[in-house]
Amino acid sequence: WYVGQTENIYRRCIKHRNELQNGLSANGLLRRDAVVHGAGAFFFMAPRIDAIARSDRSSELNKIEVWFAVQLRAHDERFGYNLEVGHHRTVGAKFRDRERKLMRRNSEKYQLLPGIDVFDPINSDLLASWVPGN
């Protein structure tokens, strides 16, 4: 699952599809799975939220995005692809950001184990115990 918001859902879906087909998705998790399963394995569905949203204010839309992401568990990378929900980075995304930063700074000292990819699933117990900044 991937949950997002946009003003033009048709245009956004086309953009996602093109990015997946061309291997250009900014989301490394999506990009990796598109290579494995093919871009055709992904489909798009757009729930109408005009009945839910009381306004078109971004704060209201962000709350709805968060609600959908939590219901679908899209913020948990075992089930979804969201690295950000309601304009807030997810725990997994923060963890990966920190890992990449450490690898850049300490390229000789801090390296991934052989055969490990920076987009491999993160153990959920590790994520639950991780405190940003430590």
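Buried means under 20% relative accessible area, exposed means over 50%, and partly exposed lies in between, with a 1.4 Å probe and protein chains only. This is a predicted model, in which local features need pLDDT of at least 70 and side-chain atom pairs count only at pLDDT 80 or more, while totals for chains, interfaces and linings use all residues. Residues are numbered from 1 along each chain as its sequence is written, and side-chain values use heavy atoms, with hydrogens and water left out.

Start with the whole chain. The protein chain has five helices and two strands. Helices (H or I, at least four residues) and strands (E, at least two) are DSSP runs, numbered from the N terminus. Along the sequence the pattern reads α-α-α-β-β-α-α. Of the 134 residues, 31% count as buried. Contact means heavy atoms within 4.5 Å. Among contacts between residues at least 6 apart in sequence, 51% join residues at least 24 apart.

Now take helix H1, residues 9-21. The expected span of a helix is 1.5 Å times one less than its number of residues. For the 13 residues of H1 that gives 18 Å, and the end C-alpha atoms are 18 Å apart, so the two agree. At the start of H1, a side-chain oxygen of Asn8 comes within 3.3 Å of the backbone nitrogen of Tyr10. After H1 comes Gly23, with a positive phi near 65°.

Which residues of H1 are buried? They are Cys13, His16, Glu19 and Leu20. Seen down the axis of H1, the buried residues fall within an arc of 130°, so they line one face of the helix. The arc is that of the directions from the helix axis to the C-beta atoms. An α-helix has 3.6 residues a turn, so residues three or four places apart point the same way. The buried residues of H1 pack against H2. Tyr10, Arg11 and Gln21 are exposed, on the face of H1 turned away from its buried side.

Next, the interior. A nonpolar core is a set of buried Ala, Val, Leu, Ile, Met, Phe, Trp, Tyr and Cys residues joined through side-chain atoms within 4.5 Å. The largest such core has nine residues: Leu20, Leu29, Leu30, Ala34, Ala39, Phe42, Tyr81, Leu83 and Ala93. Helix H2 (residues 28-37) gives the most to this core, with three residues. Another core, of six residues, lies apart from it, and includes Ile64, Phe68, Ala69 and Val85. Leaving aside neighbours within four places in sequence, Ala39 is in contact with Arg17, Leu20, Gln21 and Ala34.

Key
A polar contact is a pair of N or O atoms within 3.5 Å; within protein, one must be able to donate a hydrogen and the other to accept it, and residues adjacent in sequence count only if both atoms are side-chain atoms.
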